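Student: I'd like to learn how to read the boundary between two parts of one chain. Can you walk me through it?

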Amino acid sequence: MLKDKLFTLLEEKEEQMIQDRRWLHEHPELSFEEKETSEYIAKFYEGKDCQVERNIGGYGVKVTIDSGKPGKTLALRADFDALPIEEATGLPFASKNPGVMHACGHDAHTAYMLSLADTLIEMKSELTGKIIIIHQPAEEMPPGGAIQMINDGILEGVDNVLGCHVMSKMQFGNIYYHEGPTQQARAKFIIKVQGTGGHGSSPHEANDAILIASQLVVTLQSIVSRRINPFDAASISIGSFDGKGQFNIIKDSVTLEGDVRCMSDENRQLIEQEIQRLCDGLAKVYHCEIELDYQNDYPVLMNDPQLTKQVVAAIQKAEIQEVNEILDGGQQNPSEDFAYYSIERPSCFFYIGASPKGEVYPHHHPKFDIEEGSMLIAAKAMGAATLNYLGLEQ
């Protein structure tokens, strides 16, 4: 069976996955700055029987594995940017770049995908259709690398897209999935409240921006509690309240910065409208100016139900020896720019349990780490789904 051959080749490459992951972990680069990482990826494919295109959507790399036979075209995506975090893991292969760290697992995504792509290239004569490997930069920072690669034509001729993410808070040995809306949409807003400054002894002569901004912070919470269906997921968080001043001086202006998450486009539009309405209303009530800068970025990640069923069935049938359970993991709170692919093509994004031994830290934490065995599971799961999709393993 092709699946058995694929798995054997991947097992032989596990040490290579680990070496690649550790090199990438030592040399992290921030979103839109991943020149060295992109070079590393492109160099990996030198001399291999595939087509490599560089600088797509920034530092993105596209690899085409063309069997030369009729069939569908499937894209497999792995991201490779890091975060502005000072690493505190103490690992022997910890980041060598101060203030930058692979604290989300994108190093593992790239490492497993390199070995999987290498294996699929070796097996090219036994495949059908085409496989497009999307090595994507800048997942962490809006507008994100996905939309830029899409704008550069990465999905031309592609029928479907698959991706996966290692998860430190999910049990190692398990694979998780969900159908339909799976990860939240995200927006950022900045609100500037312009009042009138004054002296603390004469508040009647001023128009206190801190008071107005405080009222705004409290009132904004009524949007989720009173405008959103209780069965829907949504949140509004104020992450910055820039009101620092002198104790006896009434501030004339305050700037707020906030974050919005929700699980439907309808609520996404509603929340934006309601924030604008509250800003306009409080400006009238307090006789001041309130300026709103609202920026939608990543949309809801939608897992196509039919494709997701097919992927899960393929992974189940593959009977991956390292996998204990395949579970519906439910909806996930974080946002993910794979969502842009899911808008353009029916897609499936699933999750690989990667909880390490000992204390487990969440993604984006200075001590974040994964169980490296999760990379082989990711490669086998994605490989099994790919063979099934191409009609080679039923």
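Predicted model: local features only at pLDDT ≥ 70, side-chain atom pairs only at ≥ 80, totals over all residues.

Student: Which residues make up domain 1 and domain 2?

Tutor: The assignment gives domain 1 in two pieces, 2-183 and 300-390, while domain 2 is 185-297. Their C-alpha centres lie 38 Å apart.

Student: How do I put a size on the interface?

Tutor: The size of an interface is often given as the accessible area lost when the parts come together. Here, about 720 Å² is buried between domain 1 and domain 2, with carbon and sulfur atoms giving 54% of that. On the domain 1 side, P142, V300 and S335 supply 59% of the buried area, more than any other three residues.

Student: How many salt bridges and polar contacts are there between domain 1 and domain 2?

Tutor: Salt bridges: zero. For polar contacts, the count is two residue pairs, both at pLDDT 80 or more.

Student: What does the UniProt annotation cover?

Tutor: The unreviewed UniProt entry puts "Peptidase M20 dimerisation" on residues 187-285. In the model that span is 40% helix and 31% strand, and its end C-alpha atoms lie 26 Å apart.

Notes:
Residues numbered from 1 in each chain as written. Heavy atoms only, no water. Domains from an automatic or database assignment. Buried area = accessible area lost by both parts, 1.4 Å probe. Salt bridge = Lys/Arg side-chain N within 4 Å of Asp/Glu carboxyl O. Polar contact = N/O pair within 3.5 Å; in protein donor to acceptor, adjacent residues only side chain to side chain. UniProt positions renumbered as here; feature names shortened; annotations may be inferred. Helix = DSSP H or I, 4+ residues; strand = E, 2+ residues; numbered from the N terminus.
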